[in-house]
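Let's take a walk through this fold together. Have the chain open beside you and follow along.

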Amino acid sequence: MGTPVYFSQVTGPVKLLIDRLFSLKNSDFTSKLKPGKRIVLASTQGVPDESIYEDYLESTGKILGGVGFDDYQVLKVAAIHNIGDINNNQQALKKARKVGQWLVNG
Ligand SMILES: Cc1cc2nc3c(=O)[nH]c(=O)nc-3n(C[C@H](O)[C@H](O)[C@H](O)COP(=O)(O)O)c2cc1C
């Protein structure tokens, strides 16, 4: 799941999607997901300090975990203002590749 940070939060459409993940729950609150599913919350932000939304994004990641995903990771990339900015951040691209491998190899 990917989102830019808008006004210190996930965007409205992503919040709607998260709310609808409730449908992955059975009426007894067990999950419909098969065991072993992983999810990544990937976010971009304009503010250069990567730690500033750490708590918020981690708690959002935990919510995704609570739907029945066995594990989650948060991928944060800061100082993104325009399309292509990420190409100037080799560290972020390396991290994204690593997280992507974690996601598909789980
Ligand atoms: C309406 C709006 C609100 C934003 N709010 C924040 C914010 O609170 N903190 C931040 O770091 N960046 C903020 N940004 C910057 C975006 O998170 C960042 O540029 C992102 O990469 C934009 O992705 P997009 O091109 O898909 O909209 C905001 C951008 C917009 C358009």
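## A strand residue and its surroundings

Val-77 sits in strand E3; strands here are DSSP E runs of at least two residues, helices are H or I runs of at least four, and both are numbered from the N terminus. Please keep in mind that this is a predicted model, where local features need pLDDT of at least 70, side-chain atom pairs count only at pLDDT 80 or more, and totals for chains, interfaces and linings use all residues. Residues are numbered from 1 along each chain as its sequence is written.

Leaving aside neighbours within four places in sequence, Val-77 is in contact with Thr-44, Ile-86, Asn-89 and Ala-92, contact being C-beta atoms, placed from the backbone, within 7 Å. Its C-alpha atom and that of Gln-9, 68 residues apart along the chain, are separated by 14 Å.

How exposed are Val-77, Ser-8 and Phe-29? The table gives the counts, with a residue called buried if 20 or more other C-beta atoms (placed from the backbone) lie within 10 Å of its own, exposed if 12 or fewer, and partly exposed in between.

| Residue | Other C-beta atoms within 10 Å | Class |
|---|---|---|
| Val-77 | 19 | partly exposed |
| Ser-8 | 10 | exposed |
| Phe-29 | 8 | exposed |

Ser-8 belongs to the loop between E1 and helix H1 (12–20), and its phi is positive, near 70°, though it is not glycine. Phe-29, in the loop between H1 and E2, likewise has a positive phi, of about 70°.

Now for the sheet. It is open, with three strands in the order E1-E2-E3 and parallel pairing, where pairing takes at least two DSSP bridges between two strands. E1 (2–4) and E3 (71–77) are the edge strands, each pairing on one side only. E1 is joined to E2 (residues 38–44) by three bridges, and Pro-4 has Thr-44 as its bridge partner in E2.

Finally, the largest nonpolar core has seven residues: Val-5, Val-40, Leu-41, Tyr-53, Leu-57, Tyr-72 and Leu-75. Such a core is a set of buried Ala, Val, Leu, Ile, Met, Phe, Trp, Tyr and Cys residues joined through C-beta atoms within 7 Å. E2 and E3 each supply at least two residues of this core. In soluble globular proteins, nonpolar side chains tend to be buried together.

Conventions:
Two residues are in contact if their C-beta atoms, placed from the backbone, lie within 7 Å.
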